[in-house]
Amino acid sequence: MTDGGLPPYLEVLNAEQRRAVLHTGKPLLILAGAGSGKTRVITTKIAWLIREKGLAPQSILAVTFTNKAAREMAQRARMIDERAADAMLRTFHSFGAWFLRRNGKFAGLDSGFVIYDDDDMISLLGTIMKGEPKMEVKRTAYNISRAKDYFLAPDDPALAMIDGSKRFRTLYAGYEEKLAATGNVDFGDLIKKPVEILRAEPVVAQRFRERFSVIMVDEYQDANVAQFALLKELCGENTYVCVVGDDDQSIYRFRGAEVKNILQFPDKFSGTDIIRLESNYRSTSPILKTASSVVDHNRGRLGKTLRAERGTGMQPVLAFLPDQDEEVNFAAELIGNSVKAKNKQSRWSDWAVLYRTNAQSLGFETEFLRRGIPYKVIGSLKFYEREEIKDALALLSFLVNPRDEVAFRRVVNKPARGLGAVTVDRLIEAGAERGSSLLETAKTEMEGLSAKAKKGIAAFIKVMEDGKALLEKPPEANGTNGKNGKSAAAKKKSRGAKDADALVSGEGLSVCVTQMIKDSGIAEYHLVQDEIMGNQRINNLQELVNAASLYAGTAEGLLEFLEHIELDRSLEDSSLAGKTPQDGDTAAAEDKVTLITFHNTKGLEFRKVIMTGLEQGVFPREDKKDDELEEERRLFYVGATRAMDELYLSSCAMRRMYGRTLPVDPSVFLREVETSCLRIVGKAPRGFGAARQSQAWAGGSGKNAAYGGNGGAAETGGWRRGQRLFHDDYGYGAVAEVRGSDEGPVVRAQFETGREVRFLADHQGAAYVKISDDA
DNA sequence: TAATCGATCTTTTTT
DNA sequence: AGATCGATTA
């Protein structure tokens, strides 16, 4: 490789990258820092294996964690060699689904299963935990998910690490039983079940080990225990394994990701070679220093030194702002001025606004809309979580799998068909007893029901059978190329014309989808809702119909459609994004500011990044400590290293939380960051910069007091320690502490209910009534 | 049985 | 501010 005869696509790599691409034989762990060209290495390696090593593309498996990453990888590999299109590039979950469609029978699974999302999981669990508070059900569902991430069965002693109680084991086992009865799987099963099958069926395992001679895993630091087990099972004697990751970017611990996987990879795969990619080509050095100086506070890292190949650049800016409205203005001004500047150096799409929680996007959306700043919100649009969409999908899921209890419960009595909870429960119980599908059960069990219920269930059955008939005999294939779907729908209701106009079917599967939504009455139900509430539900349903038109109008097409929706929900919000009214620019459709959570930025890069909400309680969240605080630090690192040229950090003195505006402290990360490389603007809070007391924060025990000095002698607005007070919401209480701040006295009060409240005497004091002791 | 009102509580990240 | 739970009413 040192001679001059390298092909151009290898020539562009640096020495470390090239070493990683050309490495063969032993297992390989690539520790790739942010912006070190890791995707380039993987894609180049795929192409190289095909071109130079003559490997069959089908024998290469590359696994990622997001669909976006999988798509990008496929595209970039194909740019080097078109044959890469035949390599298997999938997310872990999509690989698991693919595996189970073919081999699920070894685990008693029919190939027509549907994938339950978290909500479906909660619904199903809710039927076991009847009458318990929803939070409890959610917590249990969460724990079951974690258990599956750790590959733990209900009877595994190690379940203690999550919840070892008898109660939890019973619920987990009960849930598994019920899930099996529906014939469906949840997200965790997509990993767990393939592992079980591979372990139990040597013939199947052998087949896969022979099929894939190369397996690569991207973002390996986010792999959980079950995913590691899957990798291990897929690797045979001669499989070449290569994993790429960065322990500093592990941010999915809450979902079972185990940094241990990457730390211990060399132990689990003996003879592992390690290659480090430490040249950062993305960010300027001050940006890199900002990011590193924070994550340096973490213990238990593999440790690496990133070199900024781009050299120095603009100093990152740290802005202290009064409140979140000012933060929104700050971002809007910054972006607007930069884009509208004479030299035209900046486009909207150069910019990204980062926040910790999706809820924080709202303020930016509102203001950007007002100012005509085009933007797109990544990830927050929960299109598939909308009620009307879930209704429609439940209809379709039930059509695919008539044992789907969750879907059945959702739509059998929607709109109201006179089937109460009691009736529905009875039907499901009867179905379970004789092990037949809920559709069959409904048919045969009708006699015992009231006239009203009988009529209702008959209508529901009809919807399903008509839908099924349409899939088996699509109108196109029939030769009767009439108005799609109308034939069946039109006669049903006299008012049918209303929703028939509102929903228009197109090609392929959309014919069936439209008919089901209309016939079931779901369309009309939501049309009425739209009229009452002024919603966009019919439009949303139309969007679902449009998406369906890309799939074949057959049972297989429907299954594909559902699987695609279940596994890739990354529809980007395009409807709400603002348009610049002045210049009717049509070409620049994608030139928009990105609004995005820190988590969602992983793998992305932007020229200019604004990290917002750097306050205690927001980022990091207040309840984070130890390991979890370290994960928040990594999140900071991920966010900051997205920036190529410019980085801005904003921190507010006050923030609206819990529907109330409260003073907040700057993020602990702002005390850890190497401030010498920052430019501070705005009113820095007291104690910041000069006498920094980072030790007090690191200690964690001392509640606050590290901040804000001691304005005790100053004005207290008449508040003093021990003063009793009353508040409409909180009831009676007493003042625990009064201290100064730039916004005037801050009162901390303890209420009888146990609630502790902090408020600014000058701004919010009016809501609190002082009570005299002698009254 | 369904809808509605009011009180109470909790606010993350996602394949 | 929004979701959720429970009780009360049509």
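1. The six-strand sheet. In this predicted model, six strands form an open sheet in the order E3-E2-E6-E7-E1-E8. Their pairing is parallel. Two strands count as paired if DSSP finds at least two bridges between them. Strands (E, at least two residues) and helices (H or I, at least four) are DSSP runs, numbered from the N terminus. Strand E3 (88-91) and strand E8 (273-277) stand at the edges with a single partner strand each, so one side of each has no neighbour in the sheet. Ignoring direction, neighbouring strands are turned by 15° against each other on average.

2. Ground rules. Residues are numbered from 1 along each chain as its sequence is written, while chains are lettered from A and ligands numbered from 1 in the order in which they are written. Local features of this predicted model need pLDDT of at least 70, side-chain atom pairs count only at pLDDT 80 or more, totals for chains, interfaces and linings use all residues, and side-chain values use heavy atoms, with hydrogens and water left out.

3. Inside that sheet. Strand E2 (residues 60-64) pairs with strand E6 (residues 214-217) in the parallel sense, over four bridges. Val63 has Val217 as its bridge partner in E6. Helix H4 (residues 67-80) lies across E2 and E3. H4 runs at about 165° to E3. Axes here are lines fitted to C-alpha atoms, for helices over the stretch in contact, and angles run from 0 to 180 degrees between N-to-C directions.

4. Glu219 lies in the loop between E6 and helix H12 (225-234). Glu219 is not a glycine, yet its phi is positive, about 50°. Phe151 also deserves a look: its phi is positive, about 60°, and it is not a glycine. Phe151 sits in the loop between helix H7 (134-149) and helix H8 (160-163). Most residues other than glycine have a negative phi.

5. The seven-strand sheet. A further open sheet has the order E13-E14-E12-E15-E16-E11-E19, with parallel pairing. Its edge strands are strand E13 (375-377) and strand E19 (679-682), and each pairs on one side only. The twist averages 20° from one strand to the next.

6. Strand E11 (residues 317-321) and strand E16 (residues 643-652) pair in the parallel sense over five bridges. Val317 has Tyr648 as its bridge partner in E16. Helix H16 (residues 324-340) packs on the sheet. H16 touches E11, strand E12 (351-355), strand E14 (593-597), strand E15 (606-611) and E16. Contact means heavy atoms within 4.5 Å. The direction of H16 makes about 155° with that of E16.

7. Two packed helices. How are H22 and H26 arranged? Helix H22 (residues 451-472) and helix H26 (residues 509-519) pack at about 170°, with their axes 10 Å apart. That makes H22 roughly antiparallel to H26; angles over 145 degrees count as roughly antiparallel, under 35 as roughly parallel, 65 to 115 as roughly perpendicular and the rest as oblique. H22 contributes Val463, Met464, Asp466, Gly467, Leu470 and Leu471 to the contact. H26 contributes Leu509, Val511, Cys512, Gln515, Met516 and Asp519. By class, the contact holds eight nonpolar, two polar and two charged residues. Ala, Val, Leu, Ile, Met, Phe, Trp, Tyr, Cys and Pro count as nonpolar, Asp, Glu, Lys and Arg as charged, and the others, Gly among them, as polar.

8. Around DNA strand B. Which residues come nearest to DNA strand B? Of the 20 residues around it, His93, Arg255, Arg356, Asn600 and Tyr658 do. A residue is near a strand or molecule if one of its heavy atoms lies within 4 Å of it. Sugar and phosphate make up 50% of the atoms of DNA strand B that come within 4 Å of the protein. The nearby residues divide into six nonpolar, eight polar and six charged.

9. Polar contacts to DNA strand B. A polar contact is a pair of N or O atoms within 3.5 Å; within protein, one must be able to donate a hydrogen and the other to accept it, and residues adjacent in sequence count only if both atoms are side-chain atoms. A polar side-chain atom of Arg255 lies 2.6 Å from a sugar or linking oxygen. Base oxygens are involved too: one is 3.2 Å from a side-chain N or O atom of His599, and one lies 3.4 Å from a polar side-chain atom of Asp118.

10. Around DNA strand C. Pro133, Lys134, Lys138, Arg656 and Tyr658 surround DNA strand C. A polar backbone atom of Lys134 is 2.6 Å from a phosphate oxygen.

11. Cis peptide bonds. The bond from Lys414 to Pro415 is cis, with omega near -5°. Pro415 lies in the loop between helix H19 (405-411) and helix H20 (421-434). The bond from Phe619 to Pro620 is cis, with omega near 5°. Pro620 is in the loop between E15 and helix H30 (627-640).
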